Amino acid sequence: MEFNKKQVKSILQIVVVSILFYFLLKELNLVLSAVSYLWSIFSVFAIGGAMAFIINVPMKFFEEHYFSRFKNIGRAKRPLAFIFTLIAIVLIVYLVMFIVVPELINTLHMVISQLQGLYDRLPQIVSDISVKLHLTEEAMQSLQIEWSNISETVIKAVQGVASSVISSSTNIISGIVNFITQFILAFIFCIYILFSKEKLGAAFKKLVYALLKEKHADNIIGILRLTGKTFASFLSGQCMEAVILGSMFIVAMTIFRMPYALLVGVLIMLTALIPIVGAFIGCFVGAFLILMVNPMQTVWFVVMFLVIQQIEGNVIYPRVVGSSVGLPPILVFAAVIVGGDLFGVAGMLLFIPLTSVFFTILRAFIDRQLAKKQIPPEKVQ
């Protein structure tokens with residue numbers, strides 16, 4: 001049996017891919033080390049590109065929907081959109097730093113003071129319980145708690161943690177300086193991308209068309225364009241869903257006169273950026289805060305959360321986020337479950353738009369195959 005050139009080429013490609021796959025499995029530690037080394041070199045560019053992609057979503061909105069109305073500003077349209085986007089980001093950070101964080105610190109101080117009072121009253125509480133239970137003196141001695149030993153153990157543990165922190169302070173300071181340096185460099189690279197995105201996009205297209213056949217280049221450019229559009233739609237939809245959910249909690253908690261309405265609403269708004277499960281994190285923190293003030297209202301808060309969560313999970317999220325990425329609601333939930341199981345929170349954020357891209361490509365392929373086979377639409381409905 002003789003092979004033509006196309007078959008030989010296909011066989012060689014399969015052999016090369018198999019050898020590479022075997023090498024990756026055999027030298028997995030070496031591959032991971034190489035990936036870690038490359039990340040240490042190119043992490044600034046990757047972080048800067050991710051920042052540019054995220055900032056570009058609101059920046060593009062300002063540029064196209066607001067500043068495009070003014071014909072006389074010319075080239076100042078993009079810088080103004082960039083400044084307005086930064087102002088919006090600073091306002092969000094201010095909202096978190098000066099509303100959420102101080103309230104959490106005050107609540108933590110209150111919890112610590114309550115625990116201190118409980119610790120001081122614990123011997124008396126044990127004595128009262130022993131009287132009510134009619135415990136004998138021998139039984140009390142067997143249950144005697146050495147409070148001084150507990151205090152010494154706690155103090156030694158705190159001293160050990162403090163000494164560890166002090167000994168590693170040099171590494172902490174070095175890490176902070178390195179983080180700040182990387183952030184500044186990544187932000188500069190982000191600005192360069194945002195103000196030169198058209199030129200960079202044109203240069204990338206030229207490179208793809210120069211290296212590949214036109215058909216393959218068209219497919220790659222189309223997939224990348226679809227991926228970018230899908231990620232942008234998902235990001236805007238997720239932010240809209242978080243704002244809606246947080247606003248619902250603020251309004252409901254204000255109506256029922258629950259404490260920390262603004263704090264809990266903003267906290268849930270921030271944690272709801274994590275698909276589906278993020279709101280539960282905000283609920284746990286909110287329930288803990290309310291528990292410190294009024295334990296009975298905690299029960300009603302959890303009931304209210306379950307009701308709002310049902311509305312959000314069955315109505316708001318599938319319609320707002322699902323429609324923004326072009327996915328049926330069932331695939332939205334499936335993407336969150338699979339992504340979270342594989343890669344945690346990052347997987348939840350990535351798998352919804354990635355599933356949307358795959359679903360769109362698969363749907364186009366199926367439609368093309370059905371058209372080739374001339375199958376009438378009524379047969380597949």
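Biologist: Is arginine 78 buried or exposed?
Modeller: The relative accessible area of arginine 78 is 14%. Buried means under 20% relative accessible area, exposed over 50%, and partly exposed in between, with a 1.4 Å probe and protein chains only. Arginine 78 is therefore buried.

Biologist: On what basis are such values given?
Modeller: This is a predicted model, in which local features need pLDDT of at least 70 and side-chain atom pairs count only at pLDDT 80 or more, while totals for chains, interfaces and linings use all residues. Residues are numbered from 1 along each chain as its sequence is written, and side-chain values use heavy atoms, with hydrogens and water left out. The pLDDT is the predictor's confidence in each residue, from 0 to 100; 78% of the residues score at least 70, and the protein averages 77.

Biologist: Which part has the highest confidence?
Modeller: Helices here are DSSP runs (H or I, at least four residues), numbered from the N terminus. Confidence is lowest in helix H4 (residues 137-142), at a mean of 53. The highest value, 90, belongs to H7.

Biologist: How many salt bridges does the structure hold?
Modeller: The term requires a side-chain nitrogen of Lys or Arg within 4 Å of a carboxyl oxygen of Asp or Glu. Side chains of opposite charge can pair when their charged atoms come close. In this structure, the number of salt bridges is 2.

Biologist: How far apart are the closest N and O atoms of glutamate 63 and arginine 78?
Modeller: Glutamate 63 is buried, at 11% relative accessible area. Its salt bridge with arginine 78 has closest N and O atoms separated by 3.3 Å. The pair links distant parts of the chain, with glutamate 63 in helix H2 (residues 28-65) and arginine 78 in helix H3 (residues 77-133), 15 residues apart. The distance asked for is 3.3 Å.

Biologist: Which residues are joined into one network?
Modeller: Arginine 78 also forms a salt bridge with glutamate 198, with closest N and O atoms 2.7 Å apart. This pair spans 120 residues, from helix H3 to glutamate 198 in helix H7 (residues 197-211). Glutamate 198, at 48% relative accessibility, counts as partly exposed. Through shared partners, the network consists of Glu63, Arg78 and Glu198.

Biologist: At which residue does H2 bend?
Modeller: The buried residues of H2 include Ser43, Gly48 and Phe62. A bend is the angle between axes fitted to the seven residues ending at a residue and the seven starting there. In H2 this angle is about 65°, at phenylalanine 42.

Biologist: How many helices does the protein have?
Modeller: Of its 381 residues, 24% count as buried. There are 0 strands, and the number of helices is 12.

Conventions. Helices (H or I, at least four residues) and strands (E, at least two) are DSSP runs, numbered from the N terminus.
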